[in-house]
Structures are given as structure tokens and as C-alpha cells.
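Visitor: I am new to this structure and would like to learn how to read it. Could you walk me through it, feature by feature?

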Amino acid sequence: MKKILLASVALFGFAGAASAADLPVRAAPPAPIIAAVPVFTWTGFYVGVNAGYGWNTNNENVFVPGIGFVDSGSNGGFVGG
């Protein structure tokens with residue numbers, strides 16, 4: 001029974017590999033390259049401004065090595081660029 005099963009598996013395996021070798025190679029033609037026309041470019045003068053305020057409320061003391069415990073109450077400040 002094992003020999004029949006092994007022979008049938010080998011027969012189907014070799015038959016599938018042999019039929020694939022006879023297929024012709026069909027390569028798709030290369031797609032044409034079309035350059036897109038730019039609608040808008042970033043040439044010219046530009047100014048960007050960013051501003052805000054950041055805040056923090058913390059009731060825990062923070063340990064900083066070399067300094068010790070630091071009180072970290074309410075911190076806040078201006079943030080900009």
C-alpha cells in the first residue's frame with residue numbers, strides 16, 4: 001500500500017513540473033512614461049509661524065541623579081518657532 005501511494009505521489013509531482021516547462025513566456029509591453037505637468041511648485045518666498053502655550057500640573061517630586069528630589073509643581077511656558 002505504501003509503495004502504491006508513494007508511486008502515485010511521485011507520478012503526479014513529476015507530471016505537474018513537466019507541463020509547466022512547456023508554457024511560452026509572455027512578457028507585457030512596457031508602459032509608456034508620461035511626465036506629469038506640475039500644478040503648483042514651492043518656488044518663491046515662504047514664511048511659517050508657529051506659536052502656543054504648554055502647561056503641566058504634577059503633584060509628585062522627581063528624583064534627579066546628582067541633585068536630589070526636585071519639586072515639579074505647575075510648569076508652563078511659551079512654545080514657538
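Visitor: Which residues form a nonpolar patch on the surface, and how is such a patch defined?

Guide: Patches are made of residues with over 30% relative accessible area and no salt bridge; like charges are joined within 9 Å, and nonpolar side chains (Val, Leu, Ile, Met, Phe, Trp, Tyr) within 5 Å. A salt bridge here is a side-chain nitrogen of Lys or Arg within 4 Å of a carboxyl oxygen of Asp or Glu. Accessible areas come from the Shrake-Rupley method with a 1.4 Å probe, and for residues only the protein chains shown count as cover. In this structure the nonpolar patch consists of V39, F40, W42 and Y46, which together have about 660 Å² of accessible area.

Visitor: What kind of model is this, and how is it numbered?

Guide: This is a predicted model, in which local features need pLDDT of at least 70, side-chain atom pairs count only at pLDDT 80 or more, and totals for chains, interfaces and linings use all residues. Residues are numbered from 1 along each chain as its sequence is written, and side-chain values use heavy atoms, leaving out hydrogens and water.

Visitor: What does pLDDT tell me, and what is the average for the chain?

Guide: pLDDT is the predictor's confidence in each residue, from 0 to 100. Where it is low, the predicted coordinates should not be read in detail. The chain averages 75, and 80% of the residues score at least 70. Among its elements, helix 1 has the lowest mean, 68, and strand 1 the highest, 82.

Visitor: How many helices and strands are there?

Guide: Helices (H or I, at least four residues) and strands (E, at least two) are DSSP runs, numbered from the N terminus. The chain has 1 helix and 4 strands, in the order α-β-β-β-β along the sequence.

Visitor: Which sense does the pairing of strands 2 and 3 have?

Guide: Two strands pair if DSSP finds at least two bridges between them. Strand 2 (residues 61-64) and strand 3 (residues 68-71) pair in the antiparallel sense over 4 bridges. V62 stands opposite V70, and N61 has D71 as its bridge partner. The two strands form a hairpin with 3 residues between them, and G66 in the turn has a positive phi of about 90°.

Visitor: Why does Y46 count as exposed?

Guide: Buried means under 20% relative accessible area, exposed over 50%, and partly exposed in between (1.4 Å probe, protein chains only). Y46 counts as exposed because its relative accessibility is 62%. This residue lies in the loop between helix 1 (2-20) and strand 1 (51-57). Across the chain, buried residues make up 2% of the 81 residues.

Visitor: Which residues does W55 touch, leaving aside those up to four places away in sequence?

Guide: Contact means heavy atoms within 4.5 Å. W55, in strand 1, touches N75 and G76 on that count. The C-alpha atoms of W55 and N75 are 5.7 Å apart, although 20 residues separate them along the chain. W55 counts as exposed because its relative accessibility is 66%.

Visitor: And where does N50 lie?

Guide: N50 lies in the loop between helix 1 and strand 1. Beyond its neighbours within four places in sequence, N50 is in contact with V79, G80 and G81. N50 and G80 are 30 residues apart in sequence and 5.3 Å apart in space, C-alpha to C-alpha.
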